[in-house]
Amino acid sequence: MKNIIVSSALAALAFMSSASPPISEAAVEQLISGLNQPVRLVAPEGDTRLFVVQRNGLIRIFDQQGIEQGTFLDISDQTNVFSERGLLGLAFAPDYDTTGRFYINFTDLQGDTRIARFTVSEDDPDLADPGSQEIILTVDQPANNHNGGHIEFGPDNMLYIGLGDGGGTGDPQNRAQNDQELLGKMLRLDVSVPVGYAVPGDNPFVDLAPQDEIWAKGLRNPWCFSFDRSTGDLYIADVGQGLEEEIDVQPVSSAGGENYGWRLMEGTLCFIPSSDCNDGSLTLPVHTYTHGGNPNRCSISGGYVYRGAALPSLSGHYFFADYCSNQIWSLTWTESGGLSAVVERTDEMTPSGGYISVASFGQDGLGELYVIDLDGGRVFRIVSATSNVPEIPDQPFLAQNIPNPFNPQTEIAFAVKSAGSRVSLVVYDAAGHLVRTLVDGTLPAGDHLAIWNGTNNAGGRVVSGLYLYRLEVNGVAASRKMLLLE
Ligand SMILES: [Ca+2]
Ligand SMILES: [Ca+2]
């Protein structure tokens, strides 16, 4: 009986929340201004820095207060920024802490899409090594629009690359349905190999006729897509032609190979052919909205599923916007329950004076979300409407080891702010392999000192060379390098 009472009470609550206007939950606060066409804001997992990607080729670092810390990378002399081109994507490797590897997606001077790998410099975590660049993929782009842009690692540690149909109106060459073209597709690559990339053996078209790199097809311009950092579900915002904008969701259980329909369909509508366009093999969007309205809606700007700490009531809600009307919505979707709770949040999430053009969203290393005003050159943090000061955890204090270089042993000082904190301090070798766990447990607040005697977890002496030590306190990490000499 008890269970029935609880579930009917929940049903009544759910009915009330869908039938009456939602109470204001989210708000935005301006964090950064004066940017030149920002397109992304991302960060390595657990890192408190904000890496802002400008379309003109710069990646700039800001702290959680919006104070600039410097330029991480400048490829402005390598990129063509005409129309929808430029530096369009940035993704840090899942093992960035140990490998320092990151990836960008940009339009080269010939107008083609390039995916390049870089590493962070040896001695400055706020500076990429420009000489480390390796082009791992080039895709010929026939037009200056629909270049896609976003790149992101999935929960499987594979790099996903969204490519548009190559441009032109109505995909005139029918590229998104052409299995021999990479355009109009979602690609999935294993970039953990030493050089270039490998095709994952479980990509859906390995040993079949379509190109091996293809994960999913039938996309028009997946300019923004993202993985839910909690569930691993993939949300693709695919920009429509003239009538409908769409959101596709691929559950984490998917083995790939979906056909999202373009240009057979635009959203839920037949496109070419104008009738009988779906033989049943197409995967339809979970949500669409139409063009038109006042102000006019024209192009979807996908975002992220919220998994931060500032807005617990909105955990699991996917945020998205329209580039022309600057309307903002959230929705929830689950594999078992499908779509629910599409809520327009324009009023609560628009700053006084409005946006110029919301072209994308950002997500930091702690899961907090940002609205990116491309032509306004501004970044806004999504915050709680009731408390405008989100709890931003500071990066834990981790000192440089003393002595350094060292032999036979060295001391590592670090601090824990609050009692009962979950703490780990781990040593990795330069290849990213775990060598030694120095701390793993709960520590009292205060200053602590760990000593590493140059042995691994099995008690054996390790070879001389560069090592990395990483402190994590309640899920927020800091890391440094040290050198063991013979
Ligand atoms: Ca194949
Ligand atoms: Ca579609």
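Tutor: Let's begin with a term: the radius of gyration is taken over C-alpha atoms, and the globule rule sets it at 2.2 Å times the number of residues to the power 0.38. The model here is predicted, so local features need pLDDT of at least 70 and side-chain atom pairs count only at pLDDT 80 or more, while totals for chains, interfaces and linings use all residues. Residues are numbered from 1 along each chain as its sequence is written, with chains lettered from A and ligands numbered from 1 in the order in which they are written.

Student: How do you know whether the radius of gyration of the chain agrees with that of a compact globule?

Tutor: For 486 residues the rule gives a value near 23 Å, and the chain has 24 Å, so the two agree. Along its principal axes, the C-alpha trace spans about 75 × 60 × 50 Å.

Student: What makes the backbone of S83 and D276 worth a look?

Tutor: Most residues other than glycine have a negative phi, and most peptide bonds are trans. S83, in the loop between β5 (68–74) and β6 (87–92), has a positive phi near 55 degrees. D276, in the loop between β18 (269–270) and β19, has a positive phi near 50 degrees.

Student: How do you know what kind of peptide bond joins N407 and P408?

Tutor: Omega is about 10 degrees there, and the bond is cis. P408 lies in the loop between β26 (378–384) and β27 (410–416). The bond from N294 to P295 is also cis, with omega near 0 degrees; P295 sits in the loop between β19 (287–290) and β20.

Student: Why do we say that β26 is paired with β1 and β25?

Tutor: Two strands pair if DSSP finds at least two bridges between them. β1 (residues 26–32) and β26 share six bridges in the antiparallel sense, with Q30 bridged to F380. β25 (residues 369–373) and β26 share four, again antiparallel, with Y370 bridged to R381. Four residues separate β25 and β26 in their hairpin, where G377 takes a positive phi near 65 degrees. As for burial, six of the seven residues of β26 are buried.

Student: What makes β20 (300–301) and β23 (338–344) edge strands?

Tutor: They belong to an open, antiparallel sheet of four strands in the order β20-β21-β22-β23, and each pairs on one side only. β20 meets the pairing cut-off with two bridges to β21 (residues 318–322); one partner of β21's D322 is I300.

Student: What makes a set of residues a nonpolar core, and which members of the largest one touch the most others?

Tutor: The set holds buried Ala, Val, Leu, Ile, Met, Phe, Trp, Tyr and Cys residues joined through C-beta atoms within 7 Å. The largest has 102 residues, of which F51, L159 and I372 touch the most other members. A second, separate core of 17 residues includes I412, L425, Y469 and A477.

Student: How do you know where domain 1 and domain 2 lie, and what makes them touch?

Tutor: Domain bounds come from an automatic or database domain assignment, which gives domain 1 (23–384) and domain 2 (410–484). Contact means C-beta atoms, placed from the backbone, within 7 Å, and six residues from domain 1 and nine residues from domain 2 take part. The C-alpha centres of the two domains are 34 Å apart.

Definitions and conventions. A residue is buried if 20 or more other C-beta atoms lie within 10 Å of its own, exposed if 12 or fewer, and partly exposed in between; C-beta atoms are placed from the backbone. Two residues are in contact if their C-beta atoms, placed from the backbone, lie within 7 Å.
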